[in-house]
Amino acid sequence: MAIGVIIATAFSSITTSLINDVIMPAIGLLTGNADDAVGALDIVIKTGRMVTDETTGLEVAETVTIGLSSFVSSIVNFLIIALVCFLIVKVFNKANSVANAKKIAEEKAAEEEKKRLEEEAAANKAPTTEELLTEIRDLLAESKKSDT
């Protein structure tokens, strides 16, 4: 299970990179915001006053936005991961059904072989004492009739 978590984490970073570095810039080109591809689909509700950013020292406008870009990015990320998980489960189910079909065929072949051996043993079965005595009696009766 731990290996699955590690692989899922690595795959998540791959899909995140695919979305942020490939899909979102393409969407930015389509919407006309090629310079700001990450926020290409964001909707600005209100633009506020200019303030100085403490980390960079640059003046930026306070804005209220709806972050559709990150929402779309999360949806695409989820869909890619879900598709891969679906395909993995589908492959495992197919492999399982092939293995089960092989197992059923082997069991059927073993059952048919057992039945064939039982029939062969019944055909080659030595006669019982009663059957032998009955046959001797019939032969004696037949020979007695032919003597007379």
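The legends below describe close-up views of a predicted model.

View 1. Two strands contribute to the nonpolar patch, strand 1 (43-52) and strand 2 (59-66), with at least two residues from each. Ile-45 belongs to strand 1. Its relative accessible area is 55%, so Ile-45 counts as exposed, the cut-off being over 50%.

**View 2. Ser-74 and Thr-15.** In sequence, 59 residues separate Ser-74 from Thr-15, while their C-alpha atoms are 9.9 Å apart in space. Ser-74 sits in helix 2, which spans residues 68-123. With a relative accessible area of 47%, Ser-74 is partly exposed.

**View 3. A salt-bridge network of Glu-113, Arg-116 and Glu-120.** Arg-116 takes part in a salt bridge with Glu-113, at 2.5 Å from N to O. Arg-116 also meets Glu-120 in a salt bridge, at 3.1 Å from N to O. Glu-113 and Arg-116 are 3 residues apart in helix 2, so about one helical turn separates them. Arg-116 and Glu-120 are 4 residues apart in helix 2, again about one turn. Relative accessible areas are 37% for Glu-113, 38% for Arg-116 and 38% for Glu-120. Glu-113 is partly exposed, as are Arg-116 and Glu-120.

**View 4. A salt bridge between Arg-137 and Asp-138.** The closest N and O atoms of Arg-137 and Asp-138 lie 3.3 Å apart. Arg-137 is exposed, at 54% relative accessibility, whereas Asp-138 is partly exposed, at 41%. The model has 3 salt bridges in total.

Notes. Residues are numbered from 1 along each chain as its sequence is written. This is a predicted model: local features need pLDDT of at least 70, side-chain atom pairs count only at pLDDT 80 or more; totals for chains, interfaces and linings use all residues. Side-chain values use heavy atoms; hydrogens and water are left out. Buried means under 20% relative accessible area, exposed over 50%, partly exposed in between (1.4 Å probe, protein chains only). A salt bridge is a side-chain nitrogen of Lys or Arg within 4 Å of a carboxyl oxygen of Asp or Glu.
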